[in-house]
Amino acid sequence: MIALRIGLAALFLMVAVTVQTSVLSNVAVAGVTCDLVLIVVIALALSRGPEWGAIAGFTGGLLLDVVPPADHTAGRWALALAIAGYVAGLIRRETSTGPVGPVGPLIVAATVVLGATLSLFIYCATGSLLHDPSVDWGEFGVRLGIAAGYDVVGAIVVIPLVMWVMGRLVPPRERRRVLS
């Protein structure tokens, strides 16, 4: 069962990278597109926890770092998405065991905005450290607003789909525990 989960997570990430780099790049506003990979990472983190979020974030980010038209130092997106995925998984852990109950739509939207903020900040900060000329802190707020808006809209479709598929892959032993 775990191999099937890993395979589906990899498939979701590969499709997200492909769509983000080939289709969504054509609808950029101020150089910002919907970060479909981040949305899939957050969905995996919310469905499976922080470890899955960190691993999915690192994998999806590394794919973004090496797939053309990547024009930056490899590893920047891997670091940014790994941290965002881990934090999203922690949010799942805290909300599923706390008084709030299961992850609701407002928590998902807030998690997406937090993930967009974290990932974009870490990506820009590492770019500044590496003297990337494309990093412009003066436009950071505008780009963050556009990115968060795009990501929340994309999350409306992607997160329920990914969470539904990953939730169906529960071994019979765990399914009995969940139902009782």
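Begin by selecting L13, V37, V40, I42, L44, I159 and V162, the residues with the most contacts inside the largest nonpolar core, which has 37 residues. A nonpolar core here is a set of buried Ala, Val, Leu, Ile, Met, Phe, Trp, Tyr and Cys residues joined through side-chain atoms within 4.5 Å, and buried means under 20% relative accessible area, with exposed being over 50% and partly exposed in between, for a 1.4 Å probe and protein chains only. What you are viewing is a predicted model, in which local features need pLDDT of at least 70 and side-chain atom pairs count only at pLDDT 80 or more, while totals for chains, interfaces and linings use all residues. Residues are numbered from 1 along each chain as its sequence is written, and side-chain values use heavy atoms, with hydrogens and water left out.

Helix 2 gives the most, with 11 residues. Helices are DSSP runs of H or I with at least four residues, strands are runs of E with at least two, and both are numbered from the N terminus.

Now centre the view on V162, which, leaving aside its neighbours within four places in sequence, is in contact with F12, A43 and L44; contact means heavy atoms within 4.5 Å.

Move on to L38, which lies in helix 2. Is L38 buried or exposed? Its relative accessibility is 0%, so L38 counts as buried. Leaving aside neighbours within four places in sequence, L38 is in contact with L81, A84, G115, A116, S119 and D151. If you draw a C-alpha to C-alpha distance from L38 to I55, the two are 12 Å apart in space and 17 residues apart in sequence.

Finally, zoom out to the whole chain, where you can count seven helices and zero strands. The C-alpha atoms fill a box of roughly 55 × 30 × 30 Å, taken along the principal axes. Of the 180 residues in the chain, 43% are buried. Among contacts between residues at least 6 apart in sequence, 72% join residues at least 24 apart.
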